[in-house]
Amino acid sequence: MAPLMFLLFKPSFQVPSSPYSVSLLLNSSAFQIFIFVLLSMASSSKSRSRSNGKPHVLCFHQDLAPLRTVKVQGPTRGKSFYGCSHWPNSYGFFKWADEEDRVQELQFLLFERDTRVVELEILIEELENEVKNLKETIWKLEDDVAEMAIENTEQLAIISSAAADKKLYNLLVASWVLFAIVLLLLGRGG
């Protein structure tokens, strides 16, 4: 299901083929951000129809962040903001109500960046495997070439030995012929 969702939002995304790649994808921060953005978008689109155009904001706990008003003295007194739904036990989420809503846009850009990182990590893994396979092929070819060189050297030695044996044989025949001629000449002269 997760790779299918990636295909919907990132047409250039390649579905990972190895279990390691799928695990890397599912455990990535990009995937988690993707889910967060989907939930935020779904929550915002649903809530806009129910709240007359005012979007609901999710805090880091994925709960609706209540709209609050600053009550302390200062320049922001009376200004509305969204805070963590678990306040005062949990802090960290804060967003002014009149602030331009670029959070989802930035989250999506972050998601795209992290998705690209995952794609590149998968590509790196595939290229490393290809390099490993090519190195193994090179080693095998080098072994084959070495074996062929040994075989060629042995065959050259055999051919050289055969050529030397043939020369010796020819020399022996020539010496016997010469010996026969000498005997014939001695036999006629004597």
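Predicted model: local features only at pLDDT ≥ 70, side-chain atom pairs only at ≥ 80, totals over all residues.
Local features need pLDDT of at least 70, side-chain atom pairs count only at pLDDT 80 or more, and totals for chains, interfaces and linings use all residues. Residues are numbered from 1 along each chain as its sequence is written, and side-chain values use heavy atoms, with hydrogens and water left out.

Start with the whole protein. Its secondary structure comes to 4 helices and 5 strands. Both kinds of element are DSSP runs numbered from the N terminus: helices are H or I with at least four residues, strands are E with at least two. Along the sequence the pattern reads α-α-α-β-β-β-β-β-α. Of the 190 residues, 22% count as buried. Buried means under 20% relative accessible area, exposed means over 50%, and partly exposed lies in between, with a 1.4 Å probe and protein chains only. The accessible surface comes to about 14,200 Å², and 64% of that surface belongs to carbon and sulfur atoms. Such areas come from the Shrake-Rupley method with a 1.4 Å probe; for residues, only the protein chains shown count as cover. Among contacts between residues at least 6 apart in sequence, 43% join residues at least 24 apart. A contact means heavy atoms within 4.5 Å.

Now turn to the sheet. Strands of a sheet pair through backbone hydrogen bonds, either parallel or antiparallel. Here an open sheet of 3 strands has the order β3-β4-β5, with antiparallel pairing. Two strands count as paired if DSSP finds at least two bridges between them. β3 (67-69) and β5 (94-96) stand at the edges with a single partner strand each, so one side of each is left without a neighbour in the sheet. From one strand to the next, the twist averages 35°. The axes behind such angles are lines fitted to C-alpha atoms, for helices over the stretch in contact, and angles run from 0 to 180 degrees between N-to-C directions.

Look at the bridges next. β3 and β4 pair over 3 bridges, and Arg 68 stands opposite Phe 81 in β4. Another 3 bridges join β4 (residues 80-83) to β5. Gly 83 stands opposite Phe 94 in β5. The bridge partner of Phe 81 in β5 is Trp 96.

The rings come next. The whole structure holds 2 aromatic pairs. Rings of Phe, Tyr and Trp (its six-membered ring) pair if their centres lie within 6.5 Å; planes under 30 degrees apart count as stacked, over 60 as edge-to-face, and the rest as tilted. Phe 81 and Trp 96 form an edge-to-face pair, 6.3 Å centre to centre with 85° between the planes. These two residues lie 15 residues apart, in strands β4 and β5. Both Phe 81 and Trp 96 are buried.

Trp 176 and Phe 179 also form an edge-to-face pair, at 6.0 Å and 90°. They are separated by about one helical turn because they lie 3 residues apart in helix α4 (residues 103-189). Trp 176 is exposed, at 55% relative accessible area. Phe 179 is partly exposed, at 46%.
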